Amino acid sequence: MRFMMLMIPLGYENAPPELQLDPERVSAMMRYNEALKDAGVLITLDGLHPPSTGARVSFATGQPIVTDGPFAEAKEVLGGYWMIEVASRAEAIAWAKKCPASANEIIEVRQVQEMADYSPEVQEIVAGFGDLKT
């Protein structure tokens, strides 16, 4: 089962574009990333630049509208993610609990939808797309 662990650093919605990382925190996080890799559960991971450098494309009017960051209405934003493959939700949560996160960080654990989760009709519509590799 694949799970995405989403890092939500509280206050990141107001972070400046030129973010300075604490080397000690980065070292601790890299040890955690190595543990995921050594256990054979890590698929991929990435950190995300602050929302002040991003853009949102909304479709409320039926036409795409682009809004540059930062986003005034944002309460929680993603700071990064890990994609892992484990045997169960409980195992994914156990890995999230091992993260050296600070007091202002939350990790949301979400299972990735697999082809088997879809009805036969939907599986037929998306057939072949699940084989996409980057």
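User: Which strands does helix α1 lie across?
Analyst: Helix α1 (residues 23-38) lies across β1, β2, β5 and β6, at about 20 degrees to β5. Helices (H or I, at least four residues) and strands (E, at least two) are DSSP runs, numbered from the N terminus. Axes are lines fitted to C-alpha atoms, for helices over the stretch in contact, with angles from 0 to 180 degrees between N-to-C directions.
User: What does helix α2 touch?
Analyst: Helix α2 (residues 89-97) touches β1, β5 and β6 as it packs on the sheet, and its direction makes about 35 degrees with that of β1. Contact means heavy atoms within 4.5 Å.
User: Where do the numbers come from?
Analyst: This is a predicted model, where local features need pLDDT of at least 70 and side-chain atom pairs count only at pLDDT 80 or more, while totals for chains, interfaces and linings use all residues. Residues are numbered from 1 along each chain as its sequence is written, and side-chain values use heavy atoms, with hydrogens and water left out.
User: What is the strand order in the sheet?
Analyst: The order is β2-β5-β1-β6, an open sheet of four strands with antiparallel pairing. Two strands pair if DSSP finds at least two bridges between them. The edge strands are β2 (42-47) and β6 (105-111), each pairing on one side only.
User: How many bridges join β1 and β5?
Analyst: Six, between residues 2-9 of β1 and residues 80-85 of β5. Met 7 has Gly 80 as its bridge partner, and Met 4 stands opposite Met 83. Five bridges join β2 and β5.
User: Switching topic, how many salt bridges are there?
Analyst: Three, counting a side-chain nitrogen of Lys or Arg within 4 Å of a carboxyl oxygen of Asp or Glu. One of them joins Arg 2 and Glu 114 at 3.0 Å, N to O. That pair links distant parts of the chain, 112 residues apart: Arg 2 is in strand β1 and Glu 114 in the loop between β6 and α3 (120-125).
User: And what does Arg 25 pair with?
Analyst: Glu 105, with the closest N and O atoms 2.8 Å apart.
User: Is Leu 21 buried or exposed?
Analyst: Leu 21 counts as exposed because its relative accessibility is 62%; buried means under 20% relative accessible area, exposed over 50%, and partly exposed in between (1.4 Å probe, protein chains only). Leu 21 sits in the loop between β1 and α1.
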